[in-house]
Amino acid sequence: MTASSSPSLADLLHAAVSAVGGTERPGQVTMAESVAEAIDSQAHLLVQAGTGTGKSLGYLVPALAHGERVVVATATLALQRQLVERDLPRTVDALQPLLRRRPQFAMLKGRSNYLCLHRLHEGVPQDEEEGLFDPFEAAAPSSKLGKDLLRLRDWSDETETGDRDDLTPGVSDRAWSQVSVTSRECLGASKCAYGAECFAEAARERAKLADVVVTNHALLAIDAIEGAPVLPSHEVLIVDEAHELVSRVTGVATGELTPGQVNRAVRRAAKLVDEKAADALQTAAESFERLMELALPGRLEEIPDDLEYALMALRDAARTVISAIGATRDKSVQDEDAVRKQALASVENIHAVAERIVEGSEYDVVWYERHDRFGASLRVAPLSVSGLLREKLFSERSVVLTSATLKLGGDFNGVAASLGLAPEGTGGAESPEWKGVDVGSPFDYPKQGILYVARHLSQPGREGSRTDMLDELAELVEAAGGRTLGLFSSMRAAQAAAEALRGRLDVPILLQGEETLGELIRNFAADPRTCLFGTLSLWQGVDVPGPSCQLVVMDRVPFPRPDDPLMSARQKAVEEAGGNGFMAVAATHAALLMAQGAGRLVRAAGDRGVVAVLDPRLATARYGGFLRSSLPDFWYTTDRNQVRRSLAAIDEAAKAEGR
């Protein structure tokens, strides 16, 4: 095929858009051209594509046309599924006649997402027992766990992927942990009796043959951090929902020690090593546990002496146990390879985290956390992942990062800095060059939405009830006739608002946590009078176009909590380097969450509504302008009567259409 007869990008995009039943949008064309240019010149691109742009086709079409292997990493399961079940199959079908080849695609996740046949058939290494035990016999068939396990056993015969997300309805984490392994616990295909039929290995093999591999941010982070490649080699990396990348990478790079986890490791190792080694680990575990009982939540700028001694003892005892496990063979332990591998995995993790905290890198933050249910934990996380990302992500391949929210306060530089990139146009030998493109949105935000800031309310304090805020919320919900997505800065605030309004208003109010997220969103979408209240985590991925969501309320500017150890450490580090820590960390964090939250309102061309922020600081504080410029360009007002009238009119219009 000669170059002159190869199809143009415009033809390919047109074919793909027609195949998914969409309409071509100028922003999508600009995006596809920018992505193609970045891939061809092996450059890096940050591209902001508003809701409704059709951004997945905007990057899939140029990537498939280029012909090199592409990895697409997304943050949410919903988008992974949409790509693999809807967008990719239709796009490949549409492009095949034009490209005269059929690109292959595959999904790849971390090992613990796949059913482990060894665990399923041989049982689980049990802490108290010798060897393995069969969870199917141990669980009462009538119990929830028993029913889940029986369903998993039946499913294992019919599933082709073994992927947890293909099992509907799902099962509890507890049931899944009985039939899955982490990569550290896995025996390895060559040593495992089930290696030839292994679901995780099959997924890896499919990925090696595919032109497009769809994965998640966590696996991308593991691939970058662990040094052992999990993903097949690739020339192009596309990070969708890129606003989430830094927090996902930070999560993967965070280490944790808890007394429960240490005690489990002690029990697993005890039967595999001599008494002396087991006793040393047991003693170290006990002194660690005593310290943790007294631990107060908060950052440890210096590691106290008693904690340092306890961690050194844990580290040294764990090292001895690791060598001892490697050297012992005990034929009396049934299926000892699996038992040994699981014990080794838990002791190695303790050794690694204890050593990391004792070594005390200036680039790490260490803190205690207390949890009502799980007690205290000791955690360590990188102060910043920007250096790691710059070094591991942007070398050797072209990277395209895309999201509806990458420009904060009017430019890309804030997000770029968190990814380890210098300001746009200033890259040099140390820092890769990149380009930022905002392809806009097909929606007419000033005509479709209003941003209302309740300037007359009192400022939200640290704690305490906000009666004026609840009164305002009740009036807005009433004017809107329900149709409200309430996004709160904490679960406690969401619960308090739901309780207060359930007593006052005659509209159904759903609350996050009372049912699964999927159920809540379905019920919210099904009845326009229904309201849904939840926290920040609900903001991502809620897609309810139409009259069911005509009012999005945020109770306050979602700054990180002042006692958040990692955020406050990052803020302090920016200040010590001469920057504005509050703007770089707290305001940027809030801007991103508010942009995501406000993005829930207008999801389709016919949507109308109001984003109401019940925090006067958005109108009065110095940083208010920065936050507002990170939101869609809605018509802006602080006039409460105007907003009530608008909401009532939108409600009337929807009712007149019978919606």
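In which handedness of crossing does α10 pass α11? The crossing is right-handed, where right-handed means that the near helix is turned clockwise from the far one by less than a right angle, and left-handed that it is turned anticlockwise. The model is a predicted one, in which local features need pLDDT of at least 70 and side-chain atom pairs count only at pLDDT 80 or more, while totals for chains, interfaces and linings use all residues. Residues are numbered from 1 along each chain as its sequence is written, and side-chain values use heavy atoms, with hydrogens and water left out.

Helices and strands are DSSP runs numbered from the N terminus (H or I with at least four residues for helices, E with at least two for strands). The axes of helix α10 (residues 217-226) and helix α11 (residues 245-252) come within 9 Å and cross at roughly 55 degrees; axes are lines fitted to C-alpha atoms, for helices over the stretch in contact, and angles run from 0 to 180 degrees between N-to-C directions. The helices α10 and α11 are therefore oblique to each other, given that angles under 35 degrees count as roughly parallel, over 145 as roughly antiparallel, 65 to 115 as roughly perpendicular and the rest as oblique. On the α10 side the contact (heavy atoms within 4.5 Å) involves His217, Ala218, Leu220, Ala221, Ile222 and Ile225, and on the α11 side Leu245, Arg248, Val249 and Val252. These residues comprise eight nonpolar, one polar and one charged. In this classification Ala, Val, Leu, Ile, Met, Phe, Trp, Tyr, Cys and Pro are nonpolar, Asp, Glu, Lys and Arg are charged, and the others, Gly among them, are polar.

Helix α3 (residues 55-66) takes part in two further helix pairs. With helix α1 (residues 9-19), the axes come within 10 Å and cross at roughly 125 degrees, and the two helices are therefore oblique to each other. The crossing of α1 and α3 is right-handed. Here Leu9, Leu12, Leu13, Ala16 and Val17 of α1 meet Leu57, Val61, Pro62 and Ala65 of α3, a contact with nine nonpolar, no polar and no charged residues. With helix α2 (residues 26-40), the axes come within 8 Å and cross at roughly 35 degrees, and α2 passes α3 in a right-handed crossing. From α2, Gln28, Met31, Ala32, Val35, Ala36, Ile39 and Asp40 meet Lys55, Leu57, Gly58, Tyr59, Pro62, Ala63 and His66 from α3. The classes in the contact of α2 with α3 are nine nonpolar, three polar and two charged residues.

The strands form sheets, in which two strands pair if DSSP finds at least two bridges between them.

Another open sheet has four strands in the order β8-β11-β10-β9, with antiparallel pairing. Its edges are β8 (255-257) and β9 (298-299), each having a single partner strand, so one side of each is left without a neighbour in the sheet. Strand β9 is joined by two bridges to strand β10 (residues 364-371), and the two run antiparallel. Arg299 stands opposite Trp367 in β10.

The loops contain several local features. A cis peptide bond joins Thr168 and Pro169, with omega about -10 degrees, and Pro169 is found in the loop between α7 and α8. Glu241, in the loop between β7 and α11, has phi near 50 degrees, a positive value in a residue other than glycine.

A salt bridge is a side-chain nitrogen of Lys or Arg within 4 Å of a carboxyl oxygen of Asp or Glu. By this rule there are 36 salt bridges. One of these joins the side chains of Asp166 and Arg81, at 3.9 Å from N to O. Asp166 lies in the loop between α7 (144-158) and α8 (173-177) and Arg81 in helix α4 (residues 77-99), so the pair ties together parts that are 85 residues apart in sequence.
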